[in-house]
Amino acid sequence: MTGAPARTLLLWCPDWPVLAAEIVDGVPATGPVAVLHANRVVACSERARAEGVRRGLRKREAQGRCPQLTVVEYDPGRDARAFEPVVAAVEELVAGVEVVRPGACAVAARGPGRYLGGEEAAAERIIEHVAQSCLVESQVGIADGVFAAGLAARAGRVVAPGGTPEFLAGLPVEALGRSALADLLRRLGVRTLGDFAALPAGDVLARFGFDGALAHRLAAGRDHRPLAVRQPPADLTVTAEHDDPIDRVDAAAFVARALAEQLHERLAGHGLACTRLGIEAVTEHGQELHRVWRHDGLLTAAAIADRVRWQLDGWLSGSNGRAGARPARPTAGIIRLRLIPDGVIAQAGLQAGLWGETGEERERAHRALSRVQGILGPEAVVTAVLGGGRSPADQVRLVPWGDERLPARPEAPPWPGRLPPPAPAVVLPSPLAATVHDAAGEPVVISARLAVSAAPARLVVGTGQPAEIVGWAGPWPVDERWWAPAEARRRARFQVSLADGAALLLAVESGQWLVEAIYD
């Protein structure tokens with residue numbers, strides 16, 4: 001995409017997961033409420049924030065700050081279903097609404113600004129209409145591009161045309177919504193979006209990869225779609241006809257998954273990925289339904305299926321939201337469903353997977369692994385997922401092939417005692433006993449204050465031959481669960497390199513040396 005980003009009006013509903021829980025499940029949003037995902041707070045009500053609850057807190061800490069806290073599990077389907085009446089209310093005033101995520105939708109600002117008396121007047125009119133139709137409070141931001149408009153909406157601002165880079169420059173890097181990237185940038189001394197945008201684009205791509213380059217464009221105030229975006233060929237659209245009308249959410253979920261996989265395979269065959277998805281449905285009575293979902297990254301098959309399922313759930317559930325807000329449930333079941341890749345991008349800049357991102361080899365590998373699981377069970381084929389923790393064994397979780405790849409521990413905490421990079425290549429399932437001696441042949445001892453009796457010089461693993469240690473680093477202490485004597489564990493770790501070129505991770509616990517991992 002060339003030229004300046006289009007002026008965008010974005011409507012944002014604060015604390016939407018909390019509000020959706022009230023609309024769907026009747027949980028009072030006026031009280032202290034927190035929505036949790038993976039045992040961490042992802043959203044909370046204003047009353048909960050007044051008690052000290054914040055996003056990212058663990059459940060126990062949040063309940064400690066606010067004992068009367070009502071805890072609700074995160075449900076993206078519920079959020080999308082409850083948001084449908086809000087999107088329908090916005091569509092009554094403006095056309096071409098795109099759902100960014102449940103709780104936020106965007107539209108080109110040019111049209112509303114013209115026929116509603118200017119951009120600020122359009123923002124006020126939309127906010128007022130949503131409040132009257134759905135009894136939902138919202139804020140509107142207007143800026144150049146969807147990303148900047150989203151940040152402007154949080155402040156309720158209308159950024160002047162051409163002023164988006166200046167507006168973004170002073171914001172912290174956390175505004176990118178990429179916690180791992182933001183943490184790395186801060187450690188490198190890059191603290192604001194302006195600092196990040198000033199870096200050369202080629203260096204950013206080489207150091208941070210495709211997603212980092214995309215974030216770099218966002219920080220610079222350019223449109224979130226890379227330059228490779230183009231109008232997709234007409235044959236990429238997929239359609240499903242149904243003789244028996246779909247009127248149940250479970251049946252719709254099954255159809256959504258199959259159609260999403262078909263669309264993803266068709267896109268992959270052309271070396272493309274979807275960034276904006278149009279969903280069209282026709283009911284048995286001829287009623288036509290349409291919605292557009294937008295995504296900052298690339299929509300995988302699972303992500304496409306989720307959005308189609310959420311949208312069908314929103315249509316078929318007939319959730320009226322607050323005060324009977326539209327839309328009502330269709331008068332008949334769905335007989336035609338159509339997915340339109342409204343925005344696509346070539347995947348040439350992405351790192352390929354183990355078997356490549358497209359082609360017959362990847363599909364054959366997937367079928368082969370799935371067949372092994374069918375014969376030997378789900379646990380027979382596993383893949384590693386990196387997460388948080390102090391030791392290499394803690395940081396890796398093996399999940400069955402095809403399951404959701406979620407880390408066992410979040411990476412966000414600093415994890416005192418965590419090993420510095422690089423990570424070892426092989427983590428031994430059971431540490432090997434070893435002995436370490438100094439140059440005089442005396443055992444190397446670590447004191448309670450982590451003082452090393454002498455420099456390590458020779459290593460013997462089990463009953464093997466002695467190996468000369470030519471370099472070492474450490475100790476890195478780990479003192480875990482000291483508050484529970486029966487589970488307490490205290491040890492120190494060392495990295496050593498041997499004369500034969502091998503590099504090992506050693507640990508000392510209760511006076512015993514152990515080999516925990518091997519570096520490549």
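A cavity here is a set of points, on a 1 Å grid over the protein atoms alone, where a 1.4 Å probe fits but cannot get out. A volume is the space filled by probe spheres set on the points, with grid points joined across faces, edges and corners.

The model is predicted, so I noted its rule: local features need pLDDT of at least 70, side-chain atom pairs count only at pLDDT 80 or more, and totals for chains, interfaces and linings use all residues. Residues are numbered from 1 along each chain as its sequence is written, and side-chain values use heavy atoms, with hydrogens and water left out.

I then looked up the largest cavity, which holds about 50 Å³ of space. Its lining (residues with an atom within 4 Å of a point) includes Phe83, Val99, Trp293 and Trp310. Helices H4 (76-91) and H13 (301-317) each give at least two lining residues; helices are DSSP runs of H or I, at least four residues, numbered from the N terminus. H4 has the largest share, with 4 residues. By class I noted 7 nonpolar, 2 polar and 1 charged. Nonpolar means Ala, Val, Leu, Ile, Met, Phe, Trp, Tyr, Cys and Pro, charged means Asp, Glu, Lys and Arg, and the others, Gly among them, are polar.

Next I took the second largest pocket (an open set with protein on both sides within 12 Å along at least five of seven lines), at about 440 Å³. It is lined by 19 residues, with Pro14, Asp15, Leu19, Glu46 and Glu137 closest to its centre. H1 (16-25) and H2 (46-50) each supply at least two of the lining residues. I recorded 8 nonpolar, 4 polar and 7 charged residues in this pocket lining.
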